Amino acid sequence: MTALTELSLAEAGKGLEAGDFTAEELTRACIEALEGGRDLNAFITETPDIALDRAKASDARRAGGKAAGPMDGIPIAIKDLFCTEGVLTTAGSHILDGFTPTYESTVSANLKDSGAVMLGKTNLDEFAMGSANVTSYYGPVKNPWKGPGGKDLVPGGSSGGSAAAVAGGLCSGAIGTDTGGSIRQPASFTGIVGMKPTYGRCSRWGIVAFASSLDQAGPLTRSVEDAAIMLGAMAGHDAKDSTSAPIDVPDFSAGLKEGVKGMKVGIAKEYNLDGMPGEIEALWQQGMDWLKDQGAECIDVSLAHTKYALPAYYIVAPAEASSNLARYDGVRYGLRVEGESLDDMYEATRGEGFGDEVRRRILIGTYVLSAGYYDAYYRQAQKVRTLIAKDFTEAFEQVDVLLTPTAPSAAFAIGDKMDDPVAMYLNDVFTVPASMAGLPAISVPAGLDGDGLPLGLHLIAKPFDEVTLFRAASALEEAAGFDARPPSPKGGAS
Amino acid sequence: MSLDKDTVRKIAILARIRVPADALDGLSVELSNIIGWVEQLNEVDTEGVEPMTSVADMDWPRRDDEITDGGRAQDILANATDPEPAPGGKDGGGFFTVPKVVE
């Protein structure tokens with residue numbers, strides 16, 4: 001039998017149902033893998049005791065004929081941006097030192113109710129601001145894939161710990177959050193599936209806020225089917241989030257086997273960037289051919305404002321962040337650095353508590369919202385955002401999904417691009433436009449670059465049409481037949 | 001537009017973040033580069049375009065104006081530095097403490 005930690009989430013669910021193994025056995029296998037994989041620094045907090053309690057409870061439910069569904073007994077990892085009752089929640093920041101929520105985020109509560117077993121809280125870029133998981137106060141995460149000569153690579157970010165944990169076989173699936181690409185880009189870098197649902201599909205309640213008009217929770221898994229199953233357990237209307245969509249959750253797996261015959265796939269020439277590496281362009285073309293071979297039709301569309309999405313994002317997101325992060329003042333929770341006066345305490349606490357990238361974004365956000373600059377920067381970016389969304393609306397009058405690369409490169413070495421913030425921001429050039437328009441999107445592992453590192457392809461669908469998105473992603477996954485795996489953390493091939 | 005040291009110092013005060021004096025030069029360069037890069041948005045003709053504040057195409061939900069939650073003083077104070085209990089009862093409330101504001 002395949003090692004338990006190698007099973008997909010769907011396979012693990014079937015094995016539990018068939019009684020091939022128990023949730024406790026599966027969970028113990030993951031805890032062992034997690035301990036063996038500590039070099040990756042994928043977790044900030046491990047919760048083996050909670051995991052074993054929940055696994056045993058799951059086994060008891062199943063024995064009593066009351067298993068809750070396909071997630072019951074499945075060990076998962078949770079990005080440390082979701083508040084978890086009684087478990088340290090850090091957002092990867094010094095400023096949340098010791099913060100132990102007295103409540104549970106809606107998405108992690110939904111997963112808990114579905115019977116999922118929490119293994120721990122995963123590392124991330126500080127406040128989810130980053131594309132390489134190098135800004136965490138708890139240190140960088142290593143990609144389970146190694147570069148030439150065994151060099152340590154970034155897992156992407158900001159959900160880098162979740163991606164590394166899934167790719168490294170430390171859990172059956174993980175949840176992340178995606179503001180501009182923070183699920184999809186790390187999925188591409190680590191050879192797994194990463195999915196951002198439509199804005200409003202998952203409740204944001206209890207997720208540490210970064211940019212409220214963009215943040216969405218989503219799954220990171222080893223297959224498209226796994227992502228569909230996991231999203232089903234995460235999604236749903238929540239009265240505690242006023243932007244949560246009051247609509248029913250469909251069966252996201254409904255179209256997985258239907259294929260793409262007759263599906264219209266949009267190809268936007270604006271995604272063909274100057275200086276795009278040849279192998280990314282070739283993979284994109286390969287993706288079109290795979291879908292055409294299965295009966296889809298590729299149609300050229302125009303998304304004229306694509307090149308402005310990234311600069312507009314880097315006004316809107318920091319502006320919202322500067323407002324959201326104003327709450328970290330040392331008064332009510334987290335780090336406090338004492339000062340002579342109240343202002344002195346605020347400044348000292350925030351000066352010490354925030355890392356360089358977060359400080360940079362708060363300052364940019366404060367600047368673009370300040371008197372005299374608000375119209376020139378913030379309001380202009382919001383108008384450009386309207387145009388970006390309009391481009392998508394018009395394209396989706398002609399096509400069902402859009403196909404693009406996920407990221408402009410494979411994973412790079414830890415330490416690269418650190419001295420140039422704008423070079424780091426360019427990682428998200430293909431993922432940010434869909435975020436700005438609130439659209440559902442997914443990265444599917446599709447091939448390897450010249451150094452043997454994974455590359456993803458990216459699909460975008462209409463609002464709340466995740467079923468079609470998963471259907472196209474499943475066809476892409478089947479054609480790509482991506483079965484490469486990173487070396488085992490303990491050495492040797494796994 | 002470039003952000004000189006004085007501007008960076010002013011923004012840092014607005015944002016209530018203490019920035020060491022020797023970090024101002026570096027920040028001034030970094031922030032100027034970012035602002036210079038986002039200024040390409042000025043090329044876009046946005047005459048008559050409405051600014052987008054939310055992608056959620058929905059009416060804001062309303063509910064009856066009534067109390068739905070509360071009585072959680074201990075939960076709220078659970079993560080505070082040196083909270084003061086309320087006189088006369090542990091569930092009756094309590095206080096966050098801060099440096100003296102009024103003499």
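**Two exercises on a predicted two-chain model**

The contact in this predicted model draws 54 residues from chain A and 39 residues from chain B. Let's work through it.

**Exercise 1.** Find which elements give two or more residues to the side of chain A that touches chain B, and which gives the most.

*Solution.* 
- Step 1: list the contributors. They are α9 (306-324), α10 (342-353), α11 (356-369), α12 (374-395) and α13 (421-425) of chain A.
- Step 2: pick the top one. That's α12(A), with 10 residues.
- Step 3: sort this side of chain A by class. You get 26 nonpolar, 17 polar and 11 charged residues.

**Exercise 2.** Check the span of helix α8 (residues 278-293) of chain A, then work out which of its residues are buried and where they sit around the axis.

*Solution.* 
- Step 1: look down the axis. These residues cover an arc of only 120°, so they fall on the same side of α8(A). Here's the background: an α-helix has 3.6 residues a turn, so residues three or four places apart point the same way.
- Step 2: ask what covers the buried residues. The cover includes β7 (264-268), β8 (297-301), β9 (401-405), β10 (441-448), β11 (454-461) and α15 (466-480) of chain A.
- Step 3: see what follows. After α8(A) comes A:G295, with a positive phi near 100°.

How values were computed:
Residues are numbered from 1 along each chain as its sequence is written. Chains are lettered from A and ligands numbered from 1 in the order in which they are written. This is a predicted model: local features need pLDDT of at least 70, side-chain atom pairs count only at pLDDT 80 or more; totals for chains, interfaces and linings use all residues. Two residues are in contact if their C-beta atoms, placed from the backbone, lie within 7 Å. Helices (H or I, at least four residues) and strands (E, at least two) are DSSP runs, numbered from the N terminus. Ala, Val, Leu, Ile, Met, Phe, Trp, Tyr, Cys and Pro count as nonpolar, Asp, Glu, Lys and Arg as charged, and the others, Gly among them, as polar. The expected span of a helix is 1.5 Å times one less than its number of residues. A residue is buried if 20 or more other C-beta atoms lie within 10 Å of its own, exposed if 12 or fewer, and partly exposed in between; C-beta atoms are placed from the backbone. The arc is that of the directions from the helix axis to the C-beta atoms.
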